[in-house]
Amino acid sequence: TIHLANRVETLTPSTTLAITAKAKELKAQGMDVIGLGAGEPDFNTPSNIIEAAYRSMNEGKTKYTPAGGLPELKQAIVTKLKNDQGLEYAPSEIIVGNGAKHILYTLFQVLLNPKDEVIIPTPYWVSYPEQVKLAEGVPVFVEGKEQQDFKITPEQLEKAITPNTKAFILNSPSNPTGMLYTKDELTALGEICLKHQVLIVSDEIYEKLIYGDNTHTTIAEISQELKEITILINGVSKSHSMTGWRIGYAAGDKKLIAAMTDLASHSTSNPTTTSQFGAIEAYNGPQTAVETMKTAFEERLNIIYPKLISIPGVKCKKPQGAFYLFPNVKEAATLTGYESVDQFVAGLLEEALVAVVPGSGFGSPDNIRLSYATSLENLEEAIKRIHTFVQNKT
Ligand code: PLP
């Protein structure tokens, strides 16, 4: 028998992936399942990016690169941060890794000692607490209440800070809620972090997907002081529909970046070379596809949102970014005779053949997450099925 390490004892597998697996199983049995679980754009990677990667391979650029990424890619990221967000970083303040997820993993490994606390607002992206625990840190949850648009207040943040607090994770726009912090809100949260010298981990992976009149503010652009205590996380997965390429990066304090790079030199050696050449083109090439994809997501959102909230017992804040809806379906679950939203989700999959992710995995058990990174046709049919399911059982 194999005895696993203690550190994986409390590891919870990703709920997002579990529902996808169950949906696939039903599909394999010939059922017409609509999956709204996906966390990735449904578009192909723009062809200029694919071609640049292909060209680099033909030119023999298929060898190891520096552990923290190619200098040309770091430079492309430096330029992107300057042009898009007005942020000045040196290449030594950038590390490229195998996706933002892996960058975050590496960050917590070099940052946390046992019992160090990391403040995570709920609802949260499923991997944050697990990654903190894997680094022997302690996740401390602060409730982003639905009536507060799922956002936390500076008072809540300050109350959660202890002498052991090392970092605070900010994810705006948020997966799963799609909510966006305003500049004023970020300024107020930032003041608390400055006062207590708490590192801000700003996950901006959905930065390019912002809808309506909303704009994205990065907390690092508010002041030099805030920039110094922020580590910014981003990547090409969601912006350029490159989830499978596995390229993400961090920008921040040189010492932190150097430690992360040293760790990467012993774990990954480098992010996949070909993917890095694709990412260089993603940042340096034309950005038209980014805009086209964003427009498509926004159109879908505007069509399905009113239909979603017309379902009995379903309440939903309109998302401002990302590609998820996070409705509260507690009442719908009760109306249809389910004891919990988890059971409602299971019923929905088995009887209505619609796969959604239960909010429990995001620390918000009354909600479900629907991804609109799928065709409008699928979305309309899925919403119709959910509506019928609720109506027929009520
Ligand atoms: N952060 C958030 C909030 C996400 O939703 C995701 C992907 O689902 C990531 C980070 C990781 O992205 P990747 O590892 O593909 O760069």
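In this predicted model, helix α13 is followed by L353, whose phi is positive, near 55°.

**Helix α13**
- Helix α13 spans residues 341–352, and its buried residues are V341, F344, V345, L348, L349 and A352.
- Viewed down the axis of α13, these buried residues fall within an arc of 135°, so they line one face of the helix.

**Packing of α4 and α5**
- Helix α4 covers residues 100–111 and helix α5 covers residues 127–134; their axes come within 8 Å and cross at roughly 35°.
- The α4 and α5 crossing is right-handed.
- On the α4 side the contact residues are K101, L104, Y105 and F108, and on the α5 side they are S127, Q131 and V132.
- Sorted by class, the contact of α4 with α5 has four nonpolar residues, two polar residues and one charged residue.

**Ligand shell**
- The ligand is surrounded by 13 residues, of which the closest are G99, A100, K101, N175 and S237.
- By class, the shell around the ligand consists of three nonpolar, eight polar and two charged residues.

**Cis peptide bonds**
- T122 and P123 are joined by a cis peptide bond, with omega about -15°.
- P123 is located in the loop between β3 (117–122) and α5.
- A cis peptide bond also joins S172 and P173, where omega is about -5°.
- P173 is located in the loop between β5 (165–171) and α7 (183–196).

- K115, a residue other than glycine, has a positive phi, near 80°.
- K115 sits in the loop between α4 and β3, and it counts as exposed because it has 10 C-beta neighbours inside 10 Å, where 12 or fewer is the limit for that class.
- E136, a residue other than glycine, has a positive phi, near 65°.
- E136 sits in the loop between α5 and β4 (138–143), and it is partly exposed, since 15 other C-beta atoms lie within 10 Å.

**L36**
- L36 belongs to the loop between β1 (34–35) and α2 (47–58).
- L36 counts as buried because it has 25 C-beta neighbours inside 10 Å, and 20 or more are required.
- Leaving aside residues up to four places away in sequence, L36 touches V354, A355, V356, L370, S371, T374 and A382.
- L36 and M293 are 257 residues apart along the chain, and their C-alpha atoms are separated by 18 Å.

**K307**
- K307 is part of helix α11, which runs over residues 288–309.
- K307 has 15 C-beta neighbours inside 10 Å and therefore counts as partly exposed.
- The C-alpha atoms of K307 and I383 are separated by 7.0 Å, with the two residues 76 positions apart along the chain.

Conventions. Residues numbered from 1 in each chain as written. Predicted model: local features only at pLDDT ≥ 70, side-chain atom pairs only at ≥ 80, totals over all residues. Helix = DSSP H or I, 4+ residues; strand = E, 2+ residues; numbered from the N terminus. Arc of directions from axis to C-beta. Axes fitted to C-alpha atoms, helices over the stretch in contact; angles between N-to-C directions. Left-handed = near helix turned anticlockwise from the far one by under 90°. Contact = placed C-beta atoms within 7 Å. Nonpolar A, V, L, I, M, F, W, Y, C, P; charged D, E, K, R; others polar. Near = placed C-beta within 6 Å.
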